[in-house]
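Colleague: I am new to reading models of proteins, and I would like to go through one slowly with you. Could we begin with the whole chain and then turn to its parts?

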Amino acid sequence: MVYARITKPARARGEGPGPTGWPAARARLAGLPGGGLNIAHEAVDRHVAADHGAQPALIWLGREGARQVFSYAELAAEAARFAHVLRAHGIGPGERMFLLAGRVPALYAATLGAIKAGVVVSPLFAAFGPEPVRARMDIGGASVLVTTEAHYRRKVAPWRATMPGLKLVLIIGEGAPDGCVALGPAMAAMPATFETVATRPEDMALLHFTSGTTGLPKGVVHVQDAVVAHAETGRLALDLHPGDIYWCTADPGWVTGMSYGVIAPLCNRVTMVVDEAEFDLDRWYGILERERVQVWYTAPTAIRMMMRAGADAARGRDFSALRFLASVGEPLNAECVIWGQQVFGLPFHDNWWQTETGGIMIANTPDMDIKPGAMGKPLPGIEAGIVTRDGAVLTEQPAGQIGELALRPGWPSMMRGYLGQPERYAKSFAGGWYLTGDLAMCDADGYFWFVGRADDLIKSAGHLIGPFEVESALIEHPAVAEAAVIGVPDETAGEVVKAFVTLKAGYEPGEALERDLRGHARARLGPAVAPREIVFRDSLPRTRSGKIMRRLLRARELGLPEGDLSTLEGDAR
Ligand code: AMP
């Protein structure tokens, strides 16, 4: 169904975003006194220096009902103490620190403190199992890990001896197992000021992992200069203004939770709400209402879960503080946009970006009319196109044609590389474009519409999952000969992971084995990544060169046209 355009009233003069473009954005930041650039300085210290130290920076809502408020001055002090802890343990600029914890206050202090010390921050999703954790820390060359005792014992301790480069494990709280340091007492012993290391704009600041269709996950390198884009896109695409109450529901284990759940809001001096708990309808409506949230950035899976509960569940609530709603991470159905209007009196504004772009590229901004179902238009400073590839030759497509979404490189938060994989990085560019791996269409009005992925990556509840990583874990089970993993549509999560396996001689398919395999995958990969369904097959379709054709499995599963099968091996058709 096609929905009518949602028109916006013209803003009063003077209320627009003001000058845009990267030089203007850069000029809005402070820079370090000696001429460098540091994300943590832009996020907290400069606000404290400008007399805003008393403003709440973080309202933390604990799972069990606790509520703690940290001012900008308190957050700055905690970050400084954390930076001292790293220095006291001999951790220096450029080393990599991994985070594996839920949304707890120490995570925010650690992130900002490490960046102050010039240490690179690499967040991991707390729902990962031991295998994704180990693989990412290995690729990233981890020297430091900040985690909780429970995560450490289950996911790190079993293999720690194999990673001698991991020099320091900081355990959130007052105590720590052998070989680790308790963060609480370590920070309490440190001074509350720390001179930020004079990092330069091109120094590595963040390392985010994303999945590939083949091979191991990719470590996406972002530099200090990314802060220019974080601050500016937060202002333009999320309408962040100093003093706003803002809630980003994404976990900092993923890029959205870091770029727009930590950096962009603090740079724009908003008060951020952080909820430790997972989605719960009543809880979420209660947070929006009680905390008087003004700007809310969430994701289609959550919106669909709310829609499923029906508009009645929201009746009688006071959402009058809300001013702007935005969504990211997966296709936002037109119905979700409209539902926002019905329940909150405001439409959801879809926006598009990915780990590699570091920040929002395409968005429905506050001033723009919304075409429900469209991702919006490129932000100022971003040039996007639709291209088709024929070998090395790229052809730009006119309005209305489907092709790969491509971006002209050059914005500040663009990735600077895949860590240690220059060839993989080089393959992301052609003809002067960065190729996103997404299929899209641009209409005659310049709005971009998402069509699908150009590769086999799976998007489940907003998490990008690489089939290869799941297949590798399945193959480690003694019964499994080969595995192929695809995404199948799901009304709530967008897609869920489904695996096809063939068995080794001597093993029989059956319910008990399926359960065992699912348990094996969950233990290794964690619940966010493990397959929801596993089916047994006698063989899997392969190309003549031996590659499993996930695309064909998917086409068959969904009853889609099977496409060009000329490279398919005879017996597998
Ligand atoms: P990640 O790198 O994990 O943030 O995932 C990025 C991918 O999520 C993109 O390449 C898209 O495939 C998908 N994605 C992000 N935002 C949107 C959106 N607004 N609409 C459709 N797909 C999206």
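Colleague: How many helices and strands does the protein chain have?

Modeller: Helices (H or I, at least four residues) and strands (E, at least two) are DSSP runs, numbered from the N terminus, and the protein chain has 16 helices and 28 strands. This is a predicted model, in which local features need pLDDT of at least 70 and side-chain atom pairs count only at pLDDT 80 or more, while totals for chains, interfaces and linings use all residues. Residues are numbered from 1 along each chain as its sequence is written, and side-chain values use heavy atoms, with hydrogens and water left out.

Colleague: What radius of gyration would a compact globule with 573 residues have, and what does the protein chain have?

Modeller: The radius of gyration is taken over C-alpha atoms, and the globule rule is 2.2 Å times the number of residues to the power 0.38. For 573 residues the rule gives a value near 25 Å, and the protein chain agrees with it at 24 Å. The C-alpha atoms fill a box of roughly 70 × 60 × 50 Å along the principal axes.

Colleague: Which strands form the open sheet, and in what order?

Modeller: Two strands pair if DSSP finds at least two bridges between them. Here nine strands form an open sheet with mixed pairing, in the order β2-β1-β11-β10-β12-β13-β14-β15-β16. At the edges stand β2 (67-71) and β16 (377-378), each with a single partner strand, so one side of each has no neighbour in the sheet.

Colleague: In what sense do β10 and β11 pair, and which residues of β10 are buried?

Modeller: Buried means under 20% relative accessible area, exposed over 50%, and partly exposed in between (1.4 Å probe, protein chains only). Strand β10 (residues 245-248) is covered on both faces, with I245 and W247 buried on one side and Y246 and C248 buried on the other. It pairs with strand β11 (residues 271-275) in the parallel sense over three bridges, and the bridge partner of Y246 in β11 is M272. By contrast, strands β14 (residues 348-352) and β15 (residues 362-363) run antiparallel and are joined by two bridges, with W352 opposite I362 in β15.

Colleague: Is H208 buried or exposed, and which residues does H208 touch?

Modeller: H208 lies in strand β8 (residues 204-210), and H208 is buried because its relative accessible area is 2%. Contact means heavy atoms within 4.5 Å; not counting residues up to four places away in sequence, H208 touches P123, K218, G219, V220, H222, W254, V255, M258 and T355.
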